[in-house]
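Let's take a friendly walk through the aromatic rings of a protein model. Please have a look at the structure below before reading on.

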Amino acid sequence: MTLVKFLFGLTTLFWGVAGHAIEIQTLQSKDGIPIWLVEDHTLPFVALEVGFDGGTSSEPQEKRGVTNLMMGLLEEGAGDLDAQGFATTREELAASFGYSAYSDSLSVSARFLTDNAASSIDLLRQSLVAPRFDQDAIERVRAQVETSIRSREKDQNDIAAWSWNGTIFGKHPYGTSQDGTLETIGALTQADLKAAHKAALTKDRAMVSIVGDVTAQQAVSLVDRLLGDLPDASAWPLPNLADLTLDAGVQVVDYPTPQSVILFGHKGIDEKDDDFFAAFVLNVILGGGNFENRLMTELREKRGLTYGVGTSLASRKYSDLIVGRFATANDRVAQAIEVVRDVWRDIAENGVTADEVNRAKTYLTGAYPLRFDGNGRIAGILTGMQLQGRAPEYVDIRNDLVNAVTPQDVSRVARRLLSEGALKFVVVGQPDL
Amino acid sequence: MRLLMIGLAAVLATVSVSLAFEIEDRVTSFTLENGMDVVVIEDHRAPVVVHMVWYKAGSADEQPGVSGVAHFLEHLLFKQTKTLEAGELSRVVAENGGSDNAFTSYDYTAYYQRVAADRLELMMRMEADRMVNLDIGPDDILTERDVIIEERNQRVETDPGSLFREQRNAALYLNHRYGVPIIGWRHEMENLDLEDALAYYRTYYAPNNATLVVAGDVDPSQVRQLAQTYYGVIPPNPDLQPRERPQEPPHTSPRRMTFKDPRVSQPYVMRSYLAPERDPGDQRKAAALTLFAEVLGGGQTSVLTQKLQFEKQVAVYTGAFYSGLSLDDSSFGLVIVPRPDVSLEEAEQALDQVVLDVLDAGIDPVQLARIKRQFKASDIYRMDSTEGLANSYGAALSSGLTLEDIHAWPDIIQSITPEDIIQTAKEVLDINASVTGYLLAQEETDQ
């Protein structure tokens, strides 16, 4: 929901192999929907994750918020069951379903026992192909979204995130919250929700990962049953690349609180760029991933200016930024911003050491097997890969790509990418500047 | 509709027999000669290990006047020791592809690393070192004190909900240290010094006050050998006292408070009752309260949601909270977030009425069966997360429970009847032992 989650979420999209092989079987439903399967019969349950490309960014802007509201209503009544009936049946099965909307994709996840896999899939299917959008359910969930919109208007982190996004992305969907505004969601009708359902959850945008106690044959028939009755193709075109407005300097948003939240950054790097992995290593040295990085050392360890600082390569589908975040007392904001500027300038001018690069590489490559340690986690990772357009083989070469990065590469990309003069800061609080 | 549900419940009850899945088979435990308890949880699905040391000391074990010192010390344990430089432990963990952190609660302080299974020995060497070899001076602590104050700013001062919680807890506990925030009161944090931190360290950081939890792709006999090598050689603290902290007197008066803050966007009402916790060999009341919280507030089909969100439509959110994991008296909580056109007074009345109706009419056995079945399934689902398992064992063992208590808990939950729940709930929901708090936006009252 907040930018912060988004920033740190992104780093989990990258991993590689270190001796721990998981076997990914690539299958297809009868309609050609890709299915990645990892069989593991240790525990008697299955984790399933369906990703739909597109997300809330592809909805019509005058209906801002419709996809998010639609996703929130899928489990509020489907087929013969009203909201309570649906929840009761799901609880009887001891299954759990999740429906999430993101800017570039939608996700439906499920966890169910092997014992009643068929009944669980049938129920989940109802919510995907036959949601009811009952008027009372619409009003109830709309009220919840309105609550979250109102709280966004007063929450310091949300104010920071949307001041940042709004000024940088302007009219691109990245510039506004997918919750919509009180005006846009207040005007949404049942017909709007039905249209969104038809356009956003379609076979041509779907990709599936399944992990756990299930065979390949079962996996395919399960997906056929689950998604076979969705529309073939989406009527919503995918969005265009964002035009960025990146004015350097410090922008203050007044907010009455003792501690300011600061977002900072500038233009980033495309995932397909030849220097992307060098930039990836650079980010770890600068402020990503763990305690040992330049910004954490200078801001927290040496000066006690913050509880935590992090940076991230926000290489999203329709824009590339490098961004960071920290919080500090109002009277220390000016000093902290100077420290960030110094670190930025120093690393761009003087590069990095071979030692730093080696540490970052061992960290990145060693962390890989730790990520594949649960059915639910693996399913999420695999769908993330599919949405990014990666091949399953990527897991076999990813660490090689990291290991191939040299200190010269990182220093070169630091010079190319990092520009202290281009840094934009958004400060939400009452800083002494 | 109800008949149909009963039919379905009966079918499911027979299915659930095949779910008997014994976590006990994967757990090994032993105690080193110096008194350090060790628990090993095996999970060989991935070559990963979680290594945790839990100290049976948290913020509620602090002396008056130095609130926050337990958490401050937790930060200082990442500074230098006699053999490690400041920050070296975290750096080595990261260089080995792992992650590490620590956390402080009322009843415990825990340190953990998650790393490739073949790095376990390295983790033990470093963790054992900082149990007794911390080597810091007065200059080392000043920067870190700024960091914890920024942490308080970030977690508490900027969040009206957190400030409200501090005030409610302080009002709920008349005598126990649970009424003092874990992170500390700001004015006391600002004066924490080296001697405060070291006094706490010398008292509580010792093998006979710690539990080692190792979970993942490991062999228990290998863990025993490594634990003996690194932790087994540390002498116990002979002066360690039994954990007897100031307890609550009888509560004889309801407390009410109104907290106003201009940053509040959504007013709500929160009620907390003092409630018994899980005690060794005596967990039935806690089990009844755990289920009662689910009956009232566990999702879409819970009573509060059904009555207040679906039927009366006075609330956008309702909830019920209880955690039995606590060394001393815990609390049972209710919350209602009203719709914009409903006042907090109306919301509170509606909430009270629903709870009274439940106490009067009893628990729906079909709903209870459904909840119990979900508890059973959760015993399977939770095995998907080694880290989560390690956490739940460590927290329980540091909150006064034994392995037997942990393993008995699922059956105790299944054995609780609707009558057990009502009886315990009537005992616990005593308005004289409660705090009712209103959280409000400042401007609403200024008009």
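This is a predicted model: local features need pLDDT of at least 70, side-chain atom pairs count only at pLDDT 80 or more; totals for chains, interfaces and linings use all residues.

Residues are numbered from 1 along each chain as its sequence is written, chains are lettered from A and ligands numbered from 1 in the order in which they are written, and side-chain values use heavy atoms, without hydrogens and water.

Rings of Phe, Tyr and Trp (its six-membered ring) pair if their centres lie within 6.5 Å; planes under 30 degrees apart count as stacked, over 60 as edge-to-face and the rest as tilted. By this rule there are 26 aromatic pairs over all chains. Take Phe169(A) and Tyr174(A): their ring centres are 5.3 Å apart and their planes lie at 85 degrees, so this pair is edge-to-face. Phe169(A) is buried at 3% relative accessibility, and Tyr174(A) is buried at 2% (buried means under 20% relative accessible area, exposed over 50%, partly exposed in between, with a 1.4 Å probe and protein chains only).

Now turn to chain B. The rings of Tyr55(B) and Tyr205(B) have centres 4.0 Å apart and planes at 25 degrees, so they are stacked. Tyr55(B) is buried, at 0%, and Tyr205(B) is buried too, at 3%.
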